[in-house]
Amino acid sequence: MTTDQSIAAAILGALGGVGNVDQIDPCTTRLRSVVKDPSRVDAAALRAVGAYGVMISGHVVQVVVGPHADNVASDLADLM
Amino acid sequence: MSVPHAAPAPQRRRAGAHKYQAVRAYLVELIENELREGDAIPSERTLTERFGVSRMTVRQALDSLVTDGVLQREQGRGTFVAPSRVDFEMRLTTFAEDARRLGLVPGTRVLAAETLPATPRIAEVLSVAEGAPVHRVQRLRTANGDPFSVETGWIPAALLPDMLADGVPESIYGALRAGGHAPTWGEDTFLAADATDVEAELLGLTGSRAVLRTRRRTFAASGACMYSQACYRGDRYSVVVPLREARPTIVPRSREGAGPETRNQP
């Protein structure tokens with residue numbers, strides 16, 4: 001696995017797994033996701049895999065991952 | 001440029017502008033549809049002949065595309081399609097660099113410079129422990145001598161312990177680069193606001209108090225290296241944000257093609 005692939009897998013797990021994710025929008029430096037159950041999101045785990053910020057607002061979870069967000073998003077698409 | 005003194009002059013100017021626009025439009029089309037990043041564009045001579053215009057007109061079109069960042073010149077090699085605008089979007093420039101690019105002379109007045117313990121908010125945005133030492137620098141920026149913005153920046157002291165030893169460095173990004181913490185990316189947040197009384201006085205606002213506030217987190221390879229807040233005069237500052245098509249939304253595969261919730265539908 002590349003670093004981005006393992007980061008993608010860890011991010012998906014911290015968002016509560018595929019089953020908890022409605023959609024993920026890749027932005028330039030962030031992943032904006034909509035989750036079913038925000039209480040299953042582990043913000044500390046997201047930070048532990050290198051997220052520079054985690055913003056949770058209702059069902060929307062934004063994870064600041066930096067300029068390699070594009071690569072992480074491609075790997076997330078493969079995992080979902 | 002001469003001042004038009006005879007009746008036909010304005011018309012000639014319009015015709016010139018029209019030809020320059022035609023060359024520019026042709027190049028924009030070519031760059032968008034046929035060329036890729038790094039490709040050479042047709043030579044000045046080819047363009048001169050194709051459009052039946054002077055070399056000066058061709059250069060004017062090229063210059064405008066270089067200024068817009070669509071093309072880049074390489075000394076002795078030619079003119080090429082510039083890297084995509086995503087780079088622009090993530091370009092981290094300092095006030096001095098921005099000002100110089102706009103043809104203005106940048107100036108700075110240091111209002112405050114100190115090293116103090118990180119407040120909870122600053123600790124969070126810089127990913128340092130609460131109470132860890134951070135440098136705080138507040139500067140008034142001027143352009144051609146006129147007040148332009150008030151900026152406050154926080155830098156983890158652990159990155160550059162001696163940053164303020166000889167006063168405030170002329171460029172904090174420069175100091176970070178020299179210290180092995182080169183800024184590589186960041187995020188800006190923009191807010192519209194009215195200036196506070198202090199800001200209005202520093203910026204010399206007499207009429208409108210409209211300002212643009214920015215919040216920036218700057219990152220080096222090792223993590224957050226600076227947090228800054230700036231307050232720009234609303235009448236002197238505008239921001240260009242390059243946009244690109246959004247990447248497709250990712251949805252779980254199990255739901256792909258399952259009725260209305262497919263990948264490319266809202």
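A salt bridge is taken here to be a side-chain nitrogen of Lys or Arg within 4 Å of a carboxyl oxygen of Asp or Glu. The structure described is a predicted model, in which local features need pLDDT of at least 70 and side-chain atom pairs count only at pLDDT 80 or more, while totals for chains, interfaces and linings use all residues; side-chain values use heavy atoms, with hydrogens and water left out. Residues are numbered from 1 along each chain as its sequence is written, and chains are lettered from A in the order in which they are written.

By the salt-bridge rule, a search of the whole structure finds 14 salt bridges over all chains. One of them joins B:Arg73 and B:Asp63, whose closest N and O atoms are 2.7 Å apart. Because B:Arg73 lies in strand β1 (residues 71–74) of chain B and B:Asp63 in helix α3 of chain B, the pair ties together parts that are 10 residues apart in sequence; helices (H or I, at least four residues) and strands (E, at least two) are DSSP runs, numbered from the N terminus. B:Arg73 counts as partly exposed at 41% relative accessibility, and B:Asp63 counts as partly exposed at 35%, where buried means under 20% relative accessible area, exposed means over 50%, and partly exposed lies in between (1.4 Å probe, protein chains only).

A further salt bridge is formed by B:Glu44 and B:Arg55, with 3.8 Å between the closest N and O atoms. As B:Glu44 belongs to helix α2 (residues 44–51) of chain B and B:Arg55 to helix α3 (residues 55–67) of chain B, this pair ties together parts that are 11 residues apart in sequence. B:Arg55 is partly exposed, at 39% relative accessibility, and a network of salt bridges links B:Glu44, B:Arg55 and B:Arg59.

Chain B as a whole contains eight helices and eight strands, and buried residues make up 38% of its 266 residues. Of the contacts in chain B with a separation of 6 or more, 54% are accounted for by residues 24 or more positions apart, a contact being heavy atoms within 4.5 Å. The loop between β5 (146–156) and α7 (172–178) of chain B holds B:Glu170, which is exposed, with a relative accessible area of 74%. Leaving aside neighbours within four places in sequence, B:Glu170 is in contact with B:Arg100 and B:Arg139.

The accessible surface of chain B comes to about 15700 Å², of which carbon and sulfur atoms hold 51%; such areas come from the Shrake-Rupley method with a 1.4 Å probe, and for residues only the protein chains shown count as cover. On this surface, B:Phe190, B:Val239, B:Val241 and B:Leu243 make a nonpolar patch of about 400 Å². B:Leu243 lies in the segment after β8 (223–233) of chain B and counts as exposed, at 77% relative accessibility. Patches are made of residues with over 30% relative accessible area and no salt bridge, like charges being joined within 9 Å and nonpolar side chains (Val, Leu, Ile, Met, Phe, Trp, Tyr) within 5 Å.

In chain A, strand β1 (residues 21–26) and strand β2 (residues 30–35) pair in the antiparallel sense over five bridges, and β1(A) and β2(A) form a hairpin with three residues between them. Two strands pair if DSSP finds at least two bridges between them. Five bridges also join β2(A) to strand β4 (residues 60–64) of chain A, with the two running antiparallel. A:Val34 of β2(A) stands opposite A:Gln23, and in β4(A) the bridge partner of A:Val34 is A:Val60.

The contact between the chains takes 25 residues from chain A and 18 residues from chain B. About 1900 Å² is buried between chain B and chain A, with carbon and sulfur atoms giving 48%; buried area is the accessible area (1.4 Å probe) that two parts lose on being put together, summed over both. In chain B, the most area is lost to chain A by B:Trp185, B:Arg247 and B:Ile250, together 35% of what that side buries. Two salt bridges are found across this interface, and the side chains of B:Glu187 and A:Arg30 meet in a salt bridge of 2.7 Å, N to O.
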